[in-house]
Amino acid sequence: MSSTDSVSKPTPKPKKNLALHLLAGGIAGACEALTCHPLDTIKVRLQLRGERAAASKMIGLNAASSQATAAAQARAKANFIQVGRQIVQKEGFFSLYKGLGAVLGGIVPKMAIRFSSFEHYKELLADKNTGLTSSAGIFVAGLGAGITESILVVTPMDVIKIRLQAQRHSMADPLDVPKYRNAVHCAYVMIREEGAGSLYKGVALTALRQSTNQAANFTVYSFLKGKLQEMQGSDNPLPSYQTLLMGFVSGACGPLFNAPIDVIKTRIQKNPSKESGWVRFTNVTSGILKNEGWTAFYKGTTPRVLRVAPGQAITFMVYETVYKFFTDMSKNVTVAEVEKAHLAATESNEQ
């Protein structure tokens, strides 16, 4: 082999330690959930209120109660800040955290699966010589990561979370006992009353939502990261504020174009049903169009963007920071072990 051949071949990028994804992703996901969960609760209430308003209107007409109808219409016009205030006033501040147990219970495996499966798919699609993955490959890897996490973790977690968030009860009143007391109890009741399959209601829509989210998320994030590193002339980790901004921009992309998927998914997962998946999908979709109009498919988009974008910003910032910390720590441990072994060998030779 000539010297020019050895120079022309770029050095393959070192593979990431997949074992650290569980820890880094879990910590990042927990920080994201604790910070942004109230916005998710408000988003779910906004997505469900059209359904409730339609039901209240029918009850009001049958009972000839214009006052009840007017109250329902007023609630239906409330924006996401007003909805949040209503939840706090009527149900207590901690009602904004309904379903948090289900999220925290699934966030560690969810983030571990997301990042590790993305890295795995990205490596499979990488160029064999350079180890680099094209933008199209990153997009496909994001799709795969979203589908994987949807099937293994996100769907049952979402179903339980939505059931808990949809309950209108005061967490400040100990006598106001809801049907579902917590995430574990919700899962138990659903399996007992509806079967284990009820935890996978809307799995196809969840997979579609998550795959498009992660495809856009990782593609935009990787593009911005590459451009910033190119501008700064270094492959070193970017400052935390830059990963925060990149995560915010990339996180906002998904919710802006797959909002209808999320609304339909929420409606399907909220109520028990014995209908087949396709029948339920068509009934819910046609019901929304008939009773609320096409704009209902974008209900909750503002709080969802406000929930997902900063959530992804926090996730990427914490993930990159934690991953770098533990990677550096493992390198330092390795160096210390090498130096210790070298010192021991030197001392033995001197003896």
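Tyr319 has a relative accessibility of 2% and therefore counts as buried. This value, like the others below, comes from a predicted model.

**Aromatic pairs**

Tyr319 has a ring partner in Phe115. A search of the whole structure finds twelve aromatic pairs. In one of them, the ring centres of Phe115 and Tyr319 are 4.0 Å apart and the planes meet at 5°, so this pair is stacked.

A second pair, Phe218 with Phe316, is edge-to-face. Phe218 sits in helix α8 (residues 203-232) and Phe316 in helix α12, so far as the chain is concerned 98 residues apart. Phe218 is buried at a relative accessible area of 3%, and Phe316 is buried at 2%.

The geometry of the two pairs is listed here.

| Pair | Centre to centre | Angle between planes | Class |
|---|---|---|---|
| Phe115 and Tyr319 | 4.0 Å | 5° | stacked |
| Phe218 and Phe316 | 5.9 Å | 85° | edge-to-face |

**Helices α6 and α7**

Two packed helices are described by the angle between their axes and the distance between the axes. Helix α6 (residues 135-166) packs against helix α7 (residues 183-194) at an angle of about 100°, and the axes are 10 Å apart. Angles of 65 to 115 degrees count as roughly perpendicular, and α6 and α7 are therefore roughly perpendicular to each other.

On the α6 side the contact is made by Val159, Ile160, Arg163 and Leu164; on the α7 side it is made by Ala183, Cys186, Ala187, Met190 and Glu194. Sorted by class, this contact has seven nonpolar residues, two charged residues and no polar ones.

Ser134 is located in the loop between α5 (100-124) and α6. Its relative accessibility is 44%, and Ser134 therefore counts as partly exposed. Computed along the sequence is not the whole picture for this residue: Ser134 and Lys122 are twelve residues apart in sequence, and their C-alpha atoms are 9.1 Å apart in space.

Conventions
Residues numbered from 1 in each chain as written. Predicted model: local features only at pLDDT ≥ 70, side-chain atom pairs only at ≥ 80, totals over all residues. Heavy atoms only, no water. Axes fitted to C-alpha atoms, helices over the stretch in contact; angles between N-to-C directions. Helix = DSSP H or I, 4+ residues; strand = E, 2+ residues; numbered from the N terminus. Parallel < 35°, antiparallel > 145°, perpendicular 65-115°, else oblique. Contact = heavy atoms within 4.5 Å. Nonpolar A, V, L, I, M, F, W, Y, C, P; charged D, E, K, R; others polar. Buried < 20%, exposed > 50% of the residue type's maximum accessible area, 1.4 Å probe, protein only. Phe/Tyr/Trp six-rings, centres within 6.5 Å; stacked < 30°, edge-to-face > 60°.
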